[in-house]
Amino acid sequence: MDSCVELKLVALDKDDMDVVSAHVQDAMVRVADIFWQPRDHRFVVAMNRFDWISAAEAKPDSKADYRRCRTALRFERVLACKTRNLDQTGKDARLNLLAVEFAETDSPAGIVTLTFSGGGVIRLDVECLEAELADLGEVTTAALCPDHSIAATA
């Protein structure tokens, strides 16, 4: 299996977070891989992110070029973590991450919102934005390329 384009990104402001969000769009997350560590003011989510860079470079009919990379997204300086419409009892449940957004409230503090398909949301109140996205090395083949065309949602 070819490797993913290995990423290690840091997000310290909204523009940085927009770049991270683009790379984790359509990542698959198991509920058991979401970790809130209140004592350490840390939130970590492990995921299988879709490798959008390799998909963009793939030949039109080459499914073998679609892959997912094991990745961790970590937030530091997290003051609170709240969820909405997420069943945390089914640890093997799979979630599809749609976007990660940062909105400043009282600079440099703000709110990080992780939005999942089906209406699930994780909200992090942060002292300031300090996030890191890092690939962990494991790569798997993805059967399909996520499709966000209007025809696909109709």
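Biologist: Which residue caps the N-terminal end of H1?

Modeller: Please keep in mind that this is a predicted model. In it, the cap of H1 at the N-terminal end is Asp13, with a side-chain oxygen 3.2 Å from the backbone nitrogen of Asp15. After H1 comes Asp26, and its phi is positive, near 70°.

Biologist: Which residues of helix H1 are buried?

Modeller: A residue is called buried when its relative accessible area is under 20%. Helix H1 covers residues 14-24, and its buried residues are Met17, Val20, Ser21, His23 and Val24. These residues lie on the same side of H1, because they cover an arc of only 160° around the axis.

Biologist: How should I read a salt bridge, and how many does a search of the whole structure find?

Modeller: The general idea is that side chains of opposite charge can pair when their charged atoms come close. In this structure, the search finds 16 salt bridges. One of them is formed by the side chains of Asp18 and Lys14, at 3.3 Å from N to O.

Biologist: How many residues apart are Asp18 and Lys14 in helix H1?

Modeller: They are four residues apart in helix H1, so about one helical turn separates Asp18 from Lys14. Asp18 counts as partly exposed, at 35% relative accessibility. Lys14 is also partly exposed, with a relative accessible area of 45%.

Biologist: What is the distance between the closest N and O atoms in the salt bridge of Glu76 with Arg42?

Modeller: In the salt bridge between Glu76 and Arg42, the closest N and O atoms are 2.7 Å apart. Glu76 counts as buried, at 11% relative accessibility, while Arg42 counts as partly exposed at 25%.

Biologist: Which residue meets Arg123 in a salt bridge?

Modeller: The side chain of Arg123 meets that of Asp125, at 3.0 Å from N to O. Arg123 is partly exposed, at 34% relative accessibility, and Asp125 is buried, with a relative accessible area of 17%. Salt bridges can also share partners: in this way Lys8, Asp40, Arg42, Arg74, Glu76 and Glu132 are joined into one network.

Biologist: Is Arg49 buried or exposed?

Modeller: Arg49 is part of strand S4. Its relative accessible area is 1%, so Arg49 is buried. The side chain of Arg49 makes a polar contact with the side chain of Asp135, at 2.8 Å.

Biologist: How many disulfides does the structure hold?

Modeller: First, the general idea: a disulfide is a covalent bond between the sulfur atoms of two cysteines. This structure holds zero disulfides.

Biologist: How are aromatic pairs read, and how many does a search of the whole structure find?

Modeller: A pair of aromatic rings is described by the distance of the centres and the angle of the planes. Here the search finds three aromatic pairs. Phe43 and Phe75 form a tilted pair, 6.4 Å from centre to centre and with 45° between the planes. This pair links distant parts of the chain, as Phe43 is in strand S4 and Phe75 is in strand S5, 32 residues apart. Both Phe43 and Phe75 are buried.

Biologist: Which residue forms an aromatic pair with Phe50 that is tilted?

Modeller: Phe50 forms a tilted pair with Tyr66, with 6.0 Å from centre to centre and 45° between the planes. Phe50 is in strand S4 and Tyr66 is in the loop between helix H2 (52-57) and S5, 16 residues apart, so that distant parts of the chain are linked. Phe50 and Tyr66 are both buried. Ring pairs also link Phe50, Trp52 and Tyr66 into a cluster.

Biologist: How many bridges join strand S1 to strand S10?

Modeller: Strand S1 (residues 8-11) and strand S10 (residues 131-141) run antiparallel and are joined by four bridges. For example, Val10 has Glu132 as its bridge partner in S10. S5 and S10 also run antiparallel, with eight bridges joining them. There, Arg67 has Thr141 as its bridge partner in S10.

Key
Residues numbered from 1 in each chain as written. Predicted model: local features only at pLDDT ≥ 70, side-chain atom pairs only at ≥ 80, totals over all residues. Heavy atoms only, no water. Buried < 20%, exposed > 50% of the residue type's maximum accessible area, 1.4 Å probe, protein only. Helix = DSSP H or I, 4+ residues; strand = E, 2+ residues; numbered from the N terminus. Arc of directions from axis to C-beta. Polar contact = N/O pair within 3.5 Å; in protein donor to acceptor, adjacent residues only side chain to side chain. Salt bridge = Lys/Arg side-chain N within 4 Å of Asp/Glu carboxyl O. Disulfide = S-S within 2.5 Å. Phe/Tyr/Trp six-rings, centres within 6.5 Å; stacked < 30°, edge-to-face > 60°. Pairing = 2+ DSSP bridges.
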